[in-house]
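Please look through the model below with the explanation that follows.

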Amino acid sequence: MRVLMFGWEFPPHISGGLGTASYGLTRGMTSLKDMEVIFVVPKAWGDEDQSAVRLIGANNIPVAYRRISYRGFTREVEKIEVRSEIIPYTDPEEFWKITRRKEAAGQRILVRTDNKGKIEFSGRYNGNLLEEIYNYSVVAAVIASEENFDIIHAHDWLAYPAGIAASQVSGKPLVIHVHATDFDRSGGNVNPEVYRIEKQGMDAAARIITVSNLTRDIVISKYNIDPAKVETVYNAVEPVDVTEQLQVNKGFDEKVVTFLGRITLQKGPEYFIEAANKVLKVMKNVRFVMAGSGDMMERMMRRAAALRITDRFHFTGFLRGRDVFTMLAMSDVYIMPSVSEPFGISPLEAMLSNVPVIISKQSGVAEILTHAVKVDFWDIDAMADAIYGILTYPALSGEFIRNGREEVIRIKWENSARHVREIYEEVLGKNKSH
Amino acid sequence: MSAAGKKVICLFFEVHQPFRLKRYRFFDLGHDHYYYDDYTNESILRKVAERCYLPANKIILDLINKHKGKFKVAFSVSGILIDQLRLYAPEVLDSFRKLAETGSVEFLAETQAHSLASLKSRAEFEKQVNNHVGLVKEFIGYDPQSFRNTEMIYSDQMGAWVADMGFKAMLTEGAKHILGWKSPNFLYCNTINPRLKVLLRNFVLSDDIAFRFSNRSWNEWPLTADKYALWLEKISKKSELVNIFIDYETFGEHNSAESGIFDFLEHMPAAILKKTPFRFMTPTEISKTLQPVAAISVPSPISWADEERDLTAWLGNELQSAAFEKLYELEERVYRCNSDQIFKDWTYLQSSDHFYYMSTKFFSDGIVHTYFNPYDNPYEAFMNYMNVLSDFEIRLNRICNTSEQELAMIRVREQIKEKDEIIRKQEKEIETLRSKLQKLTGTAGKTTGKEKKSKETVKKSGTEKKTRSLAEIAAEAIAKSKIVKTKTEAKKKPVKAGAAKKSVKAGASKKSTAGKTAAKKEVPAKKAGPRKTTVKKTASKKTGAAATKTATGKKTTGAKKSK
């Protein structure tokens, strides 16, 4: 079975959990028999790990020379034919020339390309995101017309339009994978444009995969989707060889409590600070670390300063690669107080590194973990209690470490991949019967 | 009015650069105890030295020579800058020393670290001021009589402290909100202790040079020395004292050499002396010459920074005040530790610049805040500083958590080590001297029996002295280590015994060599005379060297030379 997968990022160029999850899933899939994955990202850097998948960067696909090849498709493809009226242009002056010729500008879509007819993508969550998403779908259509595959799989809203376009061009069924909805990201303050794209994707999809039941409920209730179409496939974690883990020589005696992730509303950093403050009132031999960056970092620093705990509360900025493992290896407690976390792979990574975890009940990962402390994200007293307990009673932390490790080793990407393949088979079977 | 119509202008320059911190990460905590970005510090200091300090010092020196004592200026060179100059640009220190020698330049005292200690701790403040006075005396050769606090920070209370320390005058900002209808162009005095004269900065005329000089959209641009003199002339009837206090980096750094700032500096004194009734004086001189017109009341601290002339540039947001409080929470522990490296870092970490970098006031005074700022934003500055401070605290705790007794033990152990070292050195020396003596006596040859005897006695007495002195050393070590009675007792004894043994051994070997040398003397008598005396000399030198346990190395080399 060949799968054409659309994602937004791929290791090592990741800004969040999405890249990690899609990478893990594709790795798991290719370990199964007869599974082949073509993974498309807007921008390929050239240094990605391609051992498991063939990676295509949309930025490497010339658009200009393909326009005509769409002719002769059926009704569904007619829309694409409109889209195939893409007029690539390379510089603003040319754009101006084209738009001057009114008949050319009429119904057609103008896409800026470089001199080889390729579209430039930044591959980041900023810039003109909507334009990039749209451009991505244009290239997706081109790719879909070229490649040979059985099913299309699109990860998260950024890739939905690409998936829809590919599906329309090829006639192959679309499965979408919801790693997060805008309700998680925005804390309820949903961007209507993003919602529209998400809803379109969900409507167009034959099946919807969600990363937890928490997300499944959101998809069903907030996007008004038929529950029969939505299925939960839990994420997993790449096993790490413990012997390979670097032994970190901590330069101080205090215990370390770590928050690792984007410092944004969704992740609940402020609850971590408040809990830290409570813990520091009763014990001194502990340091808190907020590792990561994000739009709330400055506010969090001011808060920590106002609480006068900055000598015990540290900020590291965004951590990359090895630093993440160093940080985990230094930690005595890992905490994820997310306000809304569709899944949350990082606690699993912490558990693999022998660190006890505290997670919020509002996270998808809480549905599959037993050997973790679960608290409501707003319950800073319970959080402080748990931190204090794990730090003070070695028996408790030992128990969490041992059992947690055993538990997390069983959460494998291979199992998730098998589950996904079952869904593919169902979809394809259903398609054939039509 | 007072001083019979004297018109005085006072030029003062602040000279300061901080030790900027390197990027210090959380992971470095407890491992890396070096906090400074040597590369940045050195390159900035070299740049500033070449573009500002050296050319400006040269011009000022020339002006002083040219005007024969009529041109005078005052400087305040921060302690941290003196440290940096010693490291990176000693020629600048030389040029300051030369300026001091002219007698027309006054150097003021400030806090060693260019710190905000005056806002927190009187004890720390006074310590730092004394340290700074020491540094200025040692490296610039000037004994400061007047004072100016970091960035012109001043309040009545601080003024009183400064007066208590014996300073004659103090400089500060002529801030509008404290002056009200009053003019900054007179001499004032402190409200609590009127003996301290207070000089208020004329910020309009100061900023004309410091900030507006190269601003082409300023309607007075270009500013020439003559124009400036004309402005002074205009206000001369209604003023006695005009204080121009500016950053030294105004010359060549904030205003590039191409803007003509150096030409301005070169021509200004002549223009002022020629076209206005103003005469140049330095703060201490002013405090003795002019009479204060009134006391100036400054109940809460002011400074020369930003539009507000208050402390908000350093302590204006939560980050700054949190960092500031955490820093001074460590004060007591720092002094308990009593370690040179800790003191050094403690000083450098106090420099006000670290707090300045955390300022979030980017609007009206943003440009000034970015001068030589190593950080992209105040949050980064805060993160880095707090990490460094945490490491500093870890070090303090490591030293301080050890109890008093343990500390004493450590000290005794160190002393014993030291003494052992001295004993080892002296043994070596005895060895070398002995071999030399052997050589000497080998060639010295014929000496009469009497002489032999006398020599022998000399030598014997010498060795005896040596044994005694070594024993003395051991005894001294023991005496010093008496702080801890019981615990160290056991440790002391072996040392004592060891030292004694060693000294006995040395003495014995000496005697035997003396015997040998006495036996082997068969060289013509002519030569023997002078040789003999040298031998005696070396012998006496030796005993001297042994007696003064330190600096033995030097003495032996001295003995060598005498031969």
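Chain A is divided into domain 1 (2–61 + 123–236 + 415–433) and domain 2 (242–409), with bounds that come from an automatic or database domain assignment. The model is predicted: local features need pLDDT of at least 70 and side-chain atom pairs count only at pLDDT 80 or more, while totals for chains, interfaces and linings use all residues. Residues are numbered from 1 along each chain as its sequence is written, chains are lettered from A and ligands numbered from 1 in the order in which they are written, and side-chain values use heavy atoms, with hydrogens and water left out.

Taken over C-alpha atoms, the centres of domain 1 of chain A and domain 2 of chain A are 30 Å apart. Their contact (heavy atoms within 4.5 Å) takes 17 residues from domain 1 of chain A and 15 residues from domain 2 of chain A. About 1,200 Å² is buried between these two domains, and carbon and sulfur atoms give 62% of that area; buried area is the accessible area (1.4 Å probe) that two parts lose on being put together, summed over both. On the domain 1 side, A:Asp184, A:Leu214 and A:Tyr234 lose the most area to domain 2 of chain A, together 38% of what that side buries.

The strands come next. Helices (H or I, at least four residues) and strands (E, at least two) are DSSP runs, numbered from the N terminus. β2(A) pairs in the parallel sense with strand β1 (residues 2–6) of chain A over five bridges, where two strands pair if DSSP finds at least two bridges between them. In this pairing A:Val3 stands opposite A:Val37. β2(A) also pairs in the parallel sense with strand β3 (residues 54–57) of chain A, over four bridges, and A:Val40 stands opposite A:Ile56 there.

In strand β7 (residues 174–178) of chain A, five of five residues are buried. In a regular strand the side chains alternate between the two faces of the sheet. A:Leu174, A:Ile176 and A:Val178 point one way from β7(A), and A:Val175 and A:His177 the other way. β7(A) pairs in the parallel sense over four bridges with strand β8 (residues 207–210) of chain A, where A:Thr210 is the bridge partner of A:Val178.

For the complex, the predictor gives an ipTM of 0.71 and a pTM of 0.72. Chain B has a mean pLDDT (the predictor's confidence in each residue, from 0 to 100) of 81, and 75% of its residues reach 70 or more.

Conventions:
Buried means under 20% relative accessible area, exposed over 50%, partly exposed in between (1.4 Å probe, protein chains only).
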